[in-house]
Amino acid sequence: MSTFAKSSFNAAVYAASRPTYPKPLFQLILDYHQQGPAALPGDNNRNDTSTSTLRPRWNTAVDLGCGTGQATTELHAFKKVIGVDPSEGMVQRAREHAEEVLGDDKASQFSFVQASAEKLDFLENESVDLVISAQAAHWFDWNKQWPEIARILRPSGTVAFWTYSEFRLPKYPSLTPLITHYLQGKDPLTSLGPYWERPGRTILERHLVDVPEPKQVLGMDSEIMTDTSRVYFSGAYHETSPTISPSPNPSITLPIILRSQSTWNGLLGYFHTFSSLHHYMEKNPSDALNHEGKSIAERTWTELMEGAEKEEKERRELEGDIEQDGKDVQVKGEDELVVEWPVAMVLAKKL
């Protein structure tokens, strides 16, 4: 598991600044739980009969690395839901979130445990129907995680985990290189790239292709888990879809599913949730003082807004926008902004 202390963040601010997972994402998981690969798009999946005899149950679901509980509370189709996180602060915030969004009565079906995802001793063998993980699987030790998932899942049970990676501003495609430099660059003075925890961040950036197949861990002759299905909600961002996969099943690319209607101020708030920014500030405590009071996050945010102004002006000139002709283009912090994230998802069933 990651050694990054999530509790160093204000959990409420963290939750408010992060994107919200959409209902269709959870519906796909529930459909997969019921139908197996046949629930996924593509002729190969519709014809897959490898799990046709399975009979899934809807008793217990577990969310590993549950954080503030945003994904956990979407699992109310199950009679009992358990959120697991190594951070005491996150577990407490998840409890509060469940009570806030569900009320005391419905929240009673949810419980939260402070524990490592790879060591779930409080769960009995074959006692869980669904295991999920949202934006945490890149931290797991999969040589330990796959055996633990195989132990706790009932036959016909499902595992589904996903991560979202580098954000995009669909209205301003010219800003993508600046975004990539900020998040993945090599320069320790102008980029957060050197300050992410590795290898976790690398696994996320590579869309989970480094997560091994169950059989690679449990044994190639193992008949405990199916091969994974790998789904990439990357849409037009074709460069974000992996060209390789450890799964023998064909990869599935679907339209973007994760987006947020935010503001430029909201984007800056999102920047401040990055663990890499906190590490950068620890290593460079005089950063803002050396740059006229602006932190690296604020400088990048300003560059992005200036780039958006330039792109908007060029667009108007190209389209011959007479109404706006001659007016200065000015992007403000309170202006609305659509932010999108490519999502990588991995699904499998226990046989």
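What follows is a short chat about aromatic pairs, cores, a strand and a helix in a predicted model.

Student: What should I know about the model before we start?
Tutor: This is a predicted model in which local features need pLDDT of at least 70 and side-chain atom pairs count only at pLDDT 80 or more, while totals for chains, interfaces and linings use all residues. Residues are numbered from 1 along each chain as its sequence is written, and side-chain values use heavy atoms, with hydrogens and water left out.

Student: How many aromatic pairs does the structure hold?
Tutor: It holds 18. Rings of Phe, Tyr and Trp (its six-membered ring) pair if their centres lie within 6.5 Å; planes under 30 degrees apart count as stacked, over 60 as edge-to-face and the rest as tilted.

Student: Are the planes of Trp142 and Phe161 stacked, edge-to-face or tilted, and how far apart are the centres? Which is it?
Tutor: The pair is tilted, because the planes stand at 35°, with the centres 4.6 Å apart. Trp142 is in helix α5 (residues 142-152) and Phe161 in strand β5 (residues 153-164), so the pair ties together parts 19 residues apart in sequence. Helices (H or I, at least four residues) and strands (E, at least two) are DSSP runs, numbered from the N terminus.

Student: Trp142 and Phe161, buried or exposed?
Tutor: Both are buried. Buried means under 20% relative accessible area, exposed over 50%, and partly exposed in between (1.4 Å probe, protein chains only).

Student: What about Phe271 and Phe274?
Tutor: Their ring centres are 5.8 Å apart and the planes at 40°, so that pair is tilted. Phe271 is buried at a relative accessible area of 0%, and Phe274 counts as buried at 3%. Both belong to one aromatic cluster, whose members include Tyr21, Trp162, Trp196 and Trp341.

Student: What sits over the ring of Trp196?
Tutor: The charged end of Arg201, 3.7 Å from the ring centre. The criterion is NZ of Lys or CZ of Arg within 6 Å of the ring centre and within 35 degrees of the ring normal.

Student: Switching to cores. Which residues touch the most other members in the largest nonpolar one?
Tutor: Trp162, Phe167, Trp264, Leu267 and Phe271, out of 63 residues. A nonpolar core is a set of buried Ala, Val, Leu, Ile, Met, Phe, Trp, Tyr and Cys residues joined through side-chain atoms within 4.5 Å. Another core, of 30 residues, lies apart from it, with Ile82, Leu123, Ala150 and Ile203 among them.

Student: Now strand β1. Why is it largely enclosed?
Tutor: Five of the five residues of β1 (residues 60-64) are buried, so the rest of the structure largely encloses it. Thr60, Val62 and Leu64 are on one side, Ala61 and Asp63 on the other.
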